[in-house]
Amino acid sequence: MEKIKINFKDTSKKDIEQIADFLKKGKTIAYPTDTVYGLGCLATNKKAIKKVFQIKKRDKSKALLVLVKSWCMLKKYFKVSAGEERILRSFWPGPVSVLLRSKGLLPKELAPGKAK
């Protein structure tokens with residue numbers, strides 16, 4: 001297991017590139033959230049997704065969350081109605097979690113057994 005430790009209060013461009021490189025190689029990362037640490041991987045990497053389920057000992061019937069960085073990314077992967085967009089824009093940018101319907105572009109491993 002390879003470890004890197006990043007000071008999130010003083011993150012450099014090199015740190016971000018190192019994290020991105022880890023993710024691109026299919027590795028998992030632990031990252032701080034506002035309440036607990038999260039465990040993550042690239043949402044497009046089936047093998048890494050399976051690894052997250054394994055590490056977390058997560059029931060396969062429970063979906064994983066997907067973090068998005070922009071409206072463009074959100075709309076690429078998820079169906080967003082006009083009403084949902086109005087509500088989201090009232091909170092975003094900012095910390096918000098929502099359940100949306102997939103466009104089917106992400107691996108089914110993120111939500112095994114869930115309807116699209």
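These points cover the overall fold, the charges and a few residues of a predicted model.

1. Overall fold. The protein chain contains four helices and four strands. Read from the N terminus, their order is α-β-β-α-α-β-α-β. A box of roughly 40 × 30 × 25 Å, taken along the principal axes, holds the C-alpha atoms.

2. Burial and contacts. Of the 116 residues in the protein chain, 24% are buried. Contacts between residues at least 6 apart in sequence include 36% that join residues at least 24 apart. The accessible surface is about 9000 Å², and carbon and sulfur atoms account for 56% of that area.

3. Charge. The chain carries 28 positive side chains and 10 negative ones. The centres of these two sets are 7 Å apart.

4. The aromatic pair. How many aromatic pairs does the model have? The count is one aromatic pair. Its members are Trp71 and Trp92, which are tilted, with 40° between the planes and 4.7 Å from centre to centre. Trp71 belongs to helix 3 (residues 71-77), while Trp92 sits in the loop between helix 4 (82-91) and strand 4, so the pair ties together parts 21 residues apart in sequence.

5. Trp71 on its own. Is Trp71 buried or exposed? Trp71 is buried, because its relative accessible area is 19% and the cut-off for buried is under 20%.

6. Glu109. This residue lies in the segment that follows strand 4 (101-102). Glu109 counts as buried because its relative accessibility is 12%. Its side chain makes a polar contact of 3.5 Å with the side chain of Lys108. With neighbours within four places in sequence left aside, Glu109 is in contact with Lys46, Ile49, Lys50 and Phe53. Of these partners, Lys46, Ile49, Lys50 and Phe53 fall within the numbering of helix 2 (residues 46-56).

7. Lys56. Helix 2 (residues 46-56) also includes Lys56. From C-alpha to C-alpha, Lys56 and Leu39 are 8.1 Å apart in space, although 17 residues separate their places in sequence.

Key: Residues numbered from 1 in each chain as written. Predicted model: local features only at pLDDT ≥ 70, side-chain atom pairs only at ≥ 80, totals over all residues. Heavy atoms only, no water. Helix = DSSP H or I, 4+ residues; strand = E, 2+ residues; numbered from the N terminus. Buried < 20%, exposed > 50% of the residue type's maximum accessible area, 1.4 Å probe, protein only. Contact = heavy atoms within 4.5 Å. Areas by Shrake-Rupley, 256 points an atom, 1.4 Å probe, with all protein chains shown as cover. Lys, Arg positive; Asp, Glu negative; His and termini not counted. Charge placed at Lys NZ, Arg CZ, Asp CG, Glu CD. Polar contact = N/O pair within 3.5 Å; in protein donor to acceptor, adjacent residues only side chain to side chain. Phe/Tyr/Trp six-rings, centres within 6.5 Å; stacked < 30°, edge-to-face > 60°.
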